[in-house]
Amino acid sequence: MKKILKFLNVNFIILFFASCGSAENNQNNTNEVTIGILAPLTGSVAHFGVSVYEGLRLFIDEYNARGGLQISYVIFDEQGTPTEAVVGYNWLMDQNVAAILGSVTSGATLAVAPFANEDNMPMISATSTHRNVTINTATEEPWGNVFRASFIDPFQGEKMAEFAREIIGANTAAILFNSETDYSIGLRDAFSQRATELGITIVAEESFGNDTVDFLGQLTNIATTNPDVFFIPAYHQDIALIGPQSALAGINTVMLGADGWDGALSYIGDPSPIEGAFFLSGFYAQSTTPIVQDFVANYQLRFETVPNMFAAQAYDAAKILIYAIEQAVNDGYSPSNNNFRNAVIANMANTDIDAVTGHIVFDNYNNPQKTAFIIQIVNGEEVFWGNF
């Protein structure tokens, strides 16, 4: 049975339970544990939040269907803003959750991480890529309790710079980035630094803001430099606009991107302007491995669409956290005891699992160590180029 309660206040909060019982009672019942979810279900990045929420729901429901320990959850719509993410975190703490899945964007997760660390709250983000999500920047030491299931921005930016040099043979590069998002800034910084180290000259660097729809000025400036590669560390809704406008500006070069490109083809009417582009991704739905195909089939059956990378990483994040919780319960810890949190955190750090985005273990900064996929746009479709 599923209960749904809705509260309307300054923002939209939804309370879900994956199985019977209240959050107050669950925390004293080791047969059932309640976790909190932070995600933007409304606002400008709701499409990411919805995909993440679907991936989380799928794993939780599959897990509960096995019997035994049951996972219930409460979710707060933080609308993709750091301020609301902190409000949501405090609200989840008031619900006595045992751990938190979230948030989705780097800015929101960065705002919450210090509070979660202070409370020793086990926390994992499926999709926050900024380097500092898991790091206390005052000390450069990792937050012991904060994990992620996604690649970090430096890894992606450096990889795509290396790809530009080693595979494309680029000597020059141009960059167009969003100066108002931590994600895009982090990727720009990493790509630029690594490209320079490899002997690639950055011949143009242009920026835009969150509400930009007209990119022709920046693209025209880039076109005059005739770069060997054009790196665009942006989200897919921006790519859907930048692609066609780059053709109008006369840009004819190899476009490169990162995991924010995932799903761009669903937003662009004519994909020909981004034909031949390469981007790094943490997931490939057409993989022939059984674990991926089972996930894709079950996701399609449930949500009637092919899962994107955000849903896949969320599925894996839920798996990591819930397996850690299960082990803590099996070891005799009660969610009402702080030792439970310590046990869950230790179990997450020791993760060593096969997941839909690859085999996952964590480094000393709680970042997953797994294989990156390079995807190419070929004949208007996303095609697996290879691992790099």
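A residue counts as partly exposed when its relative accessible area falls between the buried limit of under 20% and the exposed limit of over 50%. In this predicted model, Val-87 has a relative accessible area of 37% and is therefore partly exposed. Val-87 belongs to helix 3, which covers residues 82–94. Glu-62 is 25 residues from Val-87 along the chain, and the C-alpha atoms of the two are separated by 30 Å.

Helix 5 can be followed in more detail. The helix runs over residues 153–168, and its 16 residues, at 1.5 Å a residue, should span 22 Å; the C-alpha atoms at its ends are 21 Å apart, which agrees. After helix 5 comes Gly-169, which has a positive phi near 75°. The buried residues of the helix are Asp-153, Pro-154, Gln-156, Gly-157, Lys-159, Met-160, Ala-161, Glu-162, Phe-163 and Ala-164.

A pair of aromatic rings is described by the distance of the centres and the angle of the planes. The count of aromatic pairs in the model comes to 23. Among them is the edge-to-face pair of Phe-163 and Trp-385, with 5.0 Å centre to centre and 80° between the planes. This pair links distant parts of the chain, since Phe-163 is in helix 5 and Trp-385 in strand 19, 222 residues apart. Trp-385 has a relative accessible area of 34%, so this residue is partly exposed.

Phe-163 also forms an edge-to-face pair with Phe-388, at 5.4 Å centre to centre and 90° between the planes. Phe-388 lies in the segment after strand 19 and Phe-163 in helix 5, so this pair ties together parts that are 225 residues apart in sequence. Phe-388 is partly exposed because its relative accessible area is 21%.

Other rings are joined elsewhere. Ring pairs link Phe-59, Tyr-63, Phe-283, Phe-295, Tyr-299, Phe-303, Tyr-315 and Tyr-323 into a cluster. Arg-188 lies over the face of Phe-177, 4.1 Å from the ring centre. Over the ring of Phe-151 sits the charged end of Lys-370, 5.4 Å from the centre.

The last part to consider is a sheet. Strands of a sheet pair through backbone hydrogen bonds, either parallel or antiparallel. Here 3 strands form an open sheet with antiparallel pairing, in the order 15-16-17. Strand 15 (352–355) and strand 17 (368–369) are the edge strands, each pairing on one side only. Strand 16, residues 358–362, pairs with strand 17 over 2 bridges in the antiparallel sense. Which residue of strand 17 is the bridge partner of Phe-362? The partner is Pro-368. Helix 10, residues 309–330, packs on this sheet and touches strand 15 and strand 16. The direction of helix 10 makes about 145° with that of strand 15.

Terms used. Residues numbered from 1 in each chain as written. Predicted model: local features only at pLDDT ≥ 70, side-chain atom pairs only at ≥ 80, totals over all residues. Heavy atoms only, no water. Pairing = 2+ DSSP bridges. Helix = DSSP H or I, 4+ residues; strand = E, 2+ residues; numbered from the N terminus. Contact = heavy atoms within 4.5 Å. Axes fitted to C-alpha atoms, helices over the stretch in contact; angles between N-to-C directions. Expected span 1.5 Å × (residues − 1). Buried < 20%, exposed > 50% of the residue type's maximum accessible area, 1.4 Å probe, protein only. Phe/Tyr/Trp six-rings, centres within 6.5 Å; stacked < 30°, edge-to-face > 60°. Lys NZ or Arg CZ within 6 Å of the ring centre and 35° of its normal.
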